[in-house]
Amino acid sequence: MKTLFRGGMIVSASGSKKADLLVNGEVIEKIGENLPEAGADVVDVTGKFLFPGFIDAHTHFDLDVCNTTTADDFASGTRSAIAGGTTLVIDFACPNKGETLQYGLDLWHKKADGRSSCDYGFHMTIDDWNEGIKSEIPAMFEAGIPSFKMYMTYPAMMIGDKDLFLALEELKKFGGIAGVHCENAGVIDALIEQYKQAGKTAPSSHPETRPNACEAEAVAHLLRIAQVADVPIVIVHLSTKEALEEVAAARKRGQKVYIETCPHYLLLDDSVYYQPEYTDSARFICAPPMRKKADQEALWQALADGTVQTVSTDHCSFTLRQKDAGRGDFTKIPGGLPGVETRGVLLYSAGVAQNRITKEQMAALLSENPAKLYGAFPRKGILQEGSDADIVVYDPTADTVIAAEQLHSAAGYSPFEGFQTAGSIEQVWLRGIKMAENGQILQGPVGQYIPRKPGNL
Ligand code: DUC
Ligand code: ZN
């Protein structure tokens, strides 16, 4: 089956051009001016932007956290993703300490296979390091997993310096890369103890016990370990201007460092934690926490000047009922936010439409850079001949207001409720299939597992 997208503006990281785009089956067959119809279904996209399907390289679906499980599994999470223009998610397979990587991988396939409405891949979480885990690394690459995750905080998942270093050395042999959650666990634990002893148990204690310096220290610490291991590294969900300074210093001495940030660090600040109603504040609990306006401005500047390579969501959703668990003890609030559906429209509205970034930079941040960094390029991340026909049709004139009741996450709320958008996502196509139109899902779960090779950005 052929589909001809007629008259749109095709957006790429390297530039935009007005052209027709012909899809044949699952892939883009041709891009050019005045392409003949030749039996194709014609979609008039005059006045619209065609973005490469967005890639969210940081989601947590069907994950056990804090004695509960995320509200979104792969079924609802990927419906939410596809409605918002995300055609590929890379979720974190997460074996518990003591389990094998293969066990974690099999489990994540069980969670995702046959249930996903967008394509998907997995990063593998390394929360243990021993001869057994080390011997499994080659099999992960063979299974299409060249990217890994390690935590410098959270007792259930954190890995010490020695094991972090040894794991990085091993991944290097295969051309793999690791993304690391950077927060100084010891200082945060001490602050939490002090706050609890002082009876400060409200959600506002959450940001106060995770100050900017705790992220910056962990980033600096990680970067020195990566320097010794002589490997490139990804800082996931970077949230502070101080951490940006640490990355700048590492790059100056010649290190390759990639930065991911998230829409909530760009658009929200820590005033969300100081609202009178518990639920109004608890819904925003995530780690790292929201920061100050100065951090937001530094992050926007870092998007504009190329300091930051990707914007993902860290989608890790809980209902407000689940968030209730922390009344009287902020450390019991399950951490994480829904966001996989709103990332594209937020980046366009607050970024492109406000002249903070260009639409080409948006295509780089949401599509091309993650595809290259995580080894899915050029199948994903770009609209060019031979690539998968993953297409977001963006109508820059169809402004709307974000409302959770129109979103697909099982969280039932959005941190961006009431946000006025500039334009909206009109259609989303996955490998030549029209999956969503104006927020309505049109197809069942046809998402496929996408094996990846070591990336190159
Ligand atoms: N932060 C969260 O808030 N939730 C899930 C994982 C993470 O890093
Ligand atoms: Zn995360």
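This is a predicted model: local features need pLDDT of at least 70, side-chain atom pairs count only at pLDDT 80 or more; totals for chains, interfaces and linings use all residues.

The largest pocket has a lining of 42 residues, and those nearest its centre are Val65, Cys66, Tyr154, Ala156 and Met157. This pocket holds about 980 Å³ of space, and ligand 1 sits in it.

**Lining of the largest pocket**
- At least two lining residues come from each of strand S7 (64-65), helix H2 (101-112), strand S11 (147-151) and helix H5 (185-197).
- Helix H5 contributes the most, with 5 residues.
- The lining comprises 22 nonpolar, 10 polar and 10 charged residues.

- The side chain of His181 places an N or O atom 3.0 Å from an oxygen atom of ligand 1.
- A nitrogen atom of ligand 1 lies 2.8 Å from a backbone N or O atom of Ala287.
- For Gly335, a backbone N or O atom is 2.9 Å from a nitrogen atom of ligand 1.
- Ligand 1 on its own has 240 Å² of accessible area, of which the protein covers 97%.

**Second largest pocket**
- The second largest pocket contains about 380 Å³ of space.
- Its lining has 20 residues, with Thr400, Leu407, Ser424, Asn438 and Gly439 closest to the centre.
- By class, the lining of the second largest pocket has 8 nonpolar, 10 polar and 2 charged residues.

Conventions: Residues are numbered from 1 along each chain as its sequence is written. Chains are lettered from A and ligands numbered from 1 in the order in which they are written. Side-chain values use heavy atoms; hydrogens and water are left out. A polar contact is a pair of N or O atoms within 3.5 Å; within protein, one must be able to donate a hydrogen and the other to accept it, and residues adjacent in sequence count only if both atoms are side-chain atoms. Accessible areas come from the Shrake-Rupley method with a 1.4 Å probe; for residues, only the protein chains shown count as cover. On a 1 Å grid over the protein atoms alone, a cavity is a set of points where a 1.4 Å probe fits but cannot get out, and a pocket is an open set with protein on both sides within 12 Å along at least five of seven lines; lining residues have an atom within 4 Å of a point. A molecule sits in a cavity or pocket if more than half of its atoms lie within 2 Å of its grid points. Grid points are joined across faces, edges and corners, and a volume is the space filled by probe spheres set on the points. Helices (H or I, at least four residues) and strands (E, at least two) are DSSP runs, numbered from the N terminus. Ala, Val, Leu, Ile, Met, Phe, Trp, Tyr, Cys and Pro count as nonpolar, Asp, Glu, Lys and Arg as charged, and the others, Gly among them, as polar.
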